[in-house]
Each structure stands twice: as C-alpha cells, then as structure tokens.
Amino acid sequence: METIKLAHGNGGEENNKLISEVFYKAFENEILAKSEDAAIIEDGKLAFSTDSFTVSPLFFNGANIGKLAICGTCNDLAMMGAKPKYLTCSVIIEEGFSVKDLKTIVASMKEELEKNGAIVVSGDTKVMPKGTIDKIIINTTGIGEITKANISSNNITTEDIILVNRDIGAHGATIFTAREGIDMSSSLQSDCASLYPVVKALIDANINITALRDATRGGVSAVLNEWSKQSNICVEVEEDTIPVSDEVNGVCEMLGFEPTALANEGTFVLAINKADKDKALEILKKFNQNATIIGKVTSQYPQKVVLNSAYGTSRFLDTPTGELLPRIC
Ligand code: MG
C-alpha cells in the first residue's frame, strides 16, 4: 500500500485494511477497538460518532447530501441505542458554488434534524479555490444519549436471529443510475432515512436487541462479515429471503454487483434474541412492509457468512472488494 486508491474508501476489504494499518495502529485505545457504529463514552451514557459526506451527484431521487449528512451520523448513534441530541456541521465549499443550492441542502438538514429531535450546536465553514474540491463536502459529528445499554456488535450469539428492516440496495442503485444518467422508473429512490424512530419503537417495546448496524458502504454483506468476525460466529443467510426490489435487481444485473454489496442509507441489520422475533417483526413492518428475517447464527464456520441458495447450494458471502461505487455517501 504506497498510495491511496479509490478502493480504500469502499467500505469493504481495502477500506478495512487502511483503517487498521494506519488509523487503528496510531490511535489504539479500548473504545476504538470495539469498532462499533459509534463510540460509547462516559461510562456508557453517551454515544459519539462522525462522518463526512462526498456523494456525487449532490441531489438524487429520495435525498440530497444534506439529508444524507444528518441521517448518516444520527443513524450511527441510533445503532448504539442512542437518541441523537447534539451535532456539529462542518462544510467545505468550492468557490462558485450556488447559494440557492446551499440553502436547499441546509433546509434538508434542518428537516432531518427535527425527525431525530437533534440540533446543530457548532460548525465551521471553509471555502476552497475553484477546481480544488468538487462542489461541497460536509462533515457531521454527533452525540447521542444512550437509552438502551449494551447493544454491541461483539455480543452476538446463536441465541440471536438476523433481520433487515426493508428491501436492500436502493441507495447504491439510485446513485449509480443518477450518475450514469440512466432513466429508471421513478419508483427507484434512495432509502436515505433517519432510523432513530424505528429504533425507539423497538426499545420502547422492550425488544431484546443484541446488535444493530446500518448497512452503508459495503452493504449488508459488509455488516454480516464484520459481525461474524467481531462476535466470532457464523451467520447463515437464506438468499431467497433477502428482500430486493425489481429495480435494484435490474441495476445489479447491469453493474454485475450483488444487491448485498450495494450501499444503503436507511437500511439496517438487526441481531435480536430469537424469543422476540415475532414482536420485533411486527414493529418493523409498521415502518416498512418488507422487513423480514434473513438468517440465523450458528457455530458452523466461525467468522464466516454462509449464503444458502433456494436450490440447496451454499457459498461464503465475503466482504466486498474493489472500487464498487466511489462517492456513494
Ligand atoms: Mg454505521
């Protein structure tokens, strides 16, 4: 690894290697080592997370970079059982950028903050000379108050069952078609959404949640592989139970991608105690009818994800590699 390649930002194998060899090595500490969606600090009282947004194009069906910048950070807090509360907003803008577009982006941020009951309390604005950055980059950092403790990707056991809250891959497929100028049916739109309301509903119903993770870069496949390693388990997924829309399937055929490797921005994977599966599913379906159980946890191949096909064959589902789609978020 001598220079940074686009693949180093893919949310998959190369990205993991860069993070562990450069950042984890230098910043090593107990909190960071947990590799959760947000750091748990102050004796488990607060969750703390940051994310930068470089998506291209800035506006796409279902959202824009502003909505994404709030959902991304707030969702990482929600995945730790935290209520998003305080955010910072740091913006780097290219000289010549339209003020009207900036106002539209900021209005989307405000709207999404309200869905989370969160506020921006600090920020920074920098302008770079024309041509030195591409339009705008937004960073948000957030603090959330933990409302359910001990949600962790390191604690999953064979007592858990694996669910998703909706059909997968919509964000990745939408960005791809927007970028390539492919005119798909208008029903293809990013899943970009704030997940705190659905997480709150699960917590309020006392669902026994073991782990939650939003399937952003690297998709569902990256989440399941991270979990299998972090919890030293085997996740067995039934391929035909994974919900994928016809539009997303169509884009995957064009791209030669697996829907499980496509990015999402309002889709999360849940590991919950088996005993609560019906109750959890009932709640999830109130938010999206496509919520479903996709698999179980076994000890068959520790640290591996197994995909069982409808035809009775099985294969390992690996962490995505290669460039995938750069600048997806
Ligand atoms: Mg996340």
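**Aromatic pairs, salt bridges and the domain interface**

Two aromatic pairs are present in the structure, which is a predicted model. In one of the pairs, the ring centres of tyrosine 301 and phenylalanine 316 are 5.2 Å apart and the ring planes stand at 90 degrees, so the arrangement is edge-to-face. Tyrosine 301 belongs to the loop between strand 12 (292–298) and strand 13 (304–308), while phenylalanine 316 is part of strand 14 (residues 314–316); the pair therefore ties together parts that lie 15 residues apart in sequence.

The chain is assigned two domains, domain 1 (34–146) and domain 2 (160–316). The centres of domain 1 and domain 2, taken over C-alpha atoms, are separated by 23 Å. Contact between the two involves 26 residues of domain 1 and 23 residues of domain 2. The size of an interface is often expressed as the accessible area lost when the parts come together. For domain 1 and domain 2, the buried area is about 1900 Å², and carbon and sulfur atoms give 56% of this area. Of the area that domain 1 buries against domain 2, 30% is supplied by Asn61, Asn75 and Met79, more than by any other three residues.

Polar contacts between domain 1 and domain 2 comprise 13 residue pairs, counted with both residues at pLDDT 80 or more. On the side of domain 1 that touches domain 2, at least two residues are supplied by each of helix 3 (65–78), strand 5 (82–94) and helix 4 (99–116). Helix 3 provides the largest share of this side, with seven residues. Classified by residue type, the side of domain 1 that touches domain 2 consists of ten nonpolar, eight polar and eight charged residues.

Salt bridges were also examined. In the whole structure, 14 salt bridges are found, and one salt bridge is found across the interface of domain 1 and domain 2. A salt bridge joins aspartate 37 to arginine 213, with a distance of 3.5 Å between the closest N and O atoms. Arginine 213 is located in strand 9 (residues 209–214), and aspartate 37 in the loop between helix 2 (30–33) and strand 1 (39–41), so this pair ties together parts that are 176 residues apart in sequence.

Technical notes. Residues numbered from 1 in each chain as written. Predicted model: local features only at pLDDT ≥ 70, side-chain atom pairs only at ≥ 80, totals over all residues. Heavy atoms only, no water. Domains from an automatic or database assignment. Contact = heavy atoms within 4.5 Å. Buried area = accessible area lost by both parts, 1.4 Å probe. Salt bridge = Lys/Arg side-chain N within 4 Å of Asp/Glu carboxyl O. Polar contact = N/O pair within 3.5 Å; in protein donor to acceptor, adjacent residues only side chain to side chain. Helix = DSSP H or I, 4+ residues; strand = E, 2+ residues; numbered from the N terminus. Nonpolar A, V, L, I, M, F, W, Y, C, P; charged D, E, K, R; others polar. Phe/Tyr/Trp six-rings, centres within 6.5 Å; stacked < 30°, edge-to-face > 60°.
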